[in-house]
Amino acid sequence: MCRCWGYPMFSIRGRLCVGLLLFLAVSDCWSQTLEPRRWTHLPINHHFIGLASNYSTGDISFDPTLQIEDATMDLYTLGAGYIYSFNLGGKTARIEANLPYAYGYWEGTLIGQAASTRRHGFADPSLRFSVNLLGSPALQGKEFASFRAAHPVRTLAGVAVDLTLPLGEYRVDRLINLGGNRYVLRPQIGVLHQRQNWEFETTASVFLFGENDEFFRGTDREQDPLWFVQGHVIYNFQRGIWAGASGGYGYGGENTIDGVDQDDAGRVNFSAVSFGMPLSMYQSVKLTYAISQTNTRTGTDLGNLIVAWSMMF
């Protein structure tokens, strides 16, 4: 007989650990993503819309004392995004909004018996504001094209802040939720060096988590900051075609449940390859394959296939 996760056979402490680990398996899929070309110089007064489909699959490793084995997950996410670029004191700035919808399936064995669950609904949306402080004057039209052509070698630098809003699907009686029921603030700093057809980009960020005082069955969840650094190497071919390789590393994020430290600080490696090409003067597509690997005894090892489309107007 198939059982649902969290069936009565665990102590409350054990159930909290199960819920915590499974929740992190979900949230890691879209919170710790590699983000190439985030600091690319854009023409101002332009709108960008996009759709992205992400399929994530992999294994989940639990503390052996929980007696959960062979746990796997499959998560499908469809995201809609919007970007607007504008002039901020002579610098190029942008605002972004993203809304994901997800469908997930988790299965494994719980004390030797099959267990599984499904979830579908909206995940937490996010807002991002960024400004390029160096190397990206606010330009458009012919002035923008002339500046790019006259500066084949240059360095750009910027800062940003990303805010995740607690508006996704969430129920306090569930062990697995698509929403986090808390705010997440993510300050970022990035540098992009362009040399002819090559681009070298790096971003450092920290996730600052709000408190969730309605964690599983009314418990209180707090989380330490999670540090994340990523780097990208991109080569631009002719006619807007590009390819890139990415790597990243995340550390920290230890949880505290009702004042009890969970000793679950994470160390995760990320790697990805991407390919992009234009469909027309105003539309483009991107294909990315990314891998995340946990360097601790508990966590997730995931593969992600992402297909994205965007249009400028």
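Is Phe270 buried or exposed, and at what relative accessibility? At 11% relative accessibility, Phe270 counts as buried, because the limit for that class is under 20% relative accessible area.

1. Confidence. The structure is a predicted model, with a mean pLDDT of 86 for the protein and with 87% of its residues reaching 70 or more.

2. E7 and E8 form a hairpin with two residues between them, and Gln196 in the turn has a positive phi of about 55°.

3. Aromatic pairs. A pair of aromatic rings is described by the distance of the centres and the angle of the planes. The structure holds nine such pairs. In one of them, the rings of Trp198 and Tyr235 have centres 4.8 Å apart and planes at 65°, so the pair is edge-to-face. This pair links distant parts of the chain, with Trp198 in strand E8 (residues 198–209) and Tyr235 in strand E10 (residues 226–236), 37 residues apart. Trp198 counts as partly exposed at 40% relative accessibility, and Tyr235 likewise counts as partly exposed, at 26%.

4. The pair that contains Phe270. Phe228 and Phe270 form an edge-to-face aromatic pair, with 5.2 Å from centre to centre and 75° between the planes. Because Phe228 lies in strand E10 and Phe270 in strand E14, the pair ties together parts that are 42 residues apart in sequence. Phe228 is buried, with a relative accessible area of 2%, and Phe270 is buried at 11%.

5. A ring cluster, and charges over rings. Ring pairs link Trp198, Phe200, Tyr235 and Phe237 into a cluster. Two arginine side chains also involve aromatic rings: the charged end of Arg37 sits over the ring of Trp242, 4.7 Å from its centre, and the charged end of Arg128 sits over the ring of Trp39, 5.2 Å from its centre.

6. An open sheet of three strands. The strands E9, E12 and E13 form an open sheet in the order E9-E12-E13, with antiparallel pairing. Strand E9 (221–223) and strand E13 (260–261) stand at the edges, each with a single partner strand, so one side of each is left without a neighbour in the sheet. Three bridges join E9 to strand E12 (residues 255–257), and the two run antiparallel; Arg221 has Ile257 in E12 as its bridge partner.

7. The loop at Met281. Met281 is placed in the loop between strand E14 (266–278) and strand E15 (283–294). The residue is exposed, with a relative accessible area of 68%. Its C-alpha atom is separated by 9.9 Å from that of Arg239, which is 42 residues apart from Met281 along the chain.

How values were computed. Residues numbered from 1 in each chain as written. Predicted model: local features only at pLDDT ≥ 70, side-chain atom pairs only at ≥ 80, totals over all residues. Heavy atoms only, no water. Helix = DSSP H or I, 4+ residues; strand = E, 2+ residues; numbered from the N terminus. Buried < 20%, exposed > 50% of the residue type's maximum accessible area, 1.4 Å probe, protein only. Phe/Tyr/Trp six-rings, centres within 6.5 Å; stacked < 30°, edge-to-face > 60°. Lys NZ or Arg CZ within 6 Å of the ring centre and 35° of its normal. Pairing = 2+ DSSP bridges. pLDDT = per-residue confidence, 0-100.
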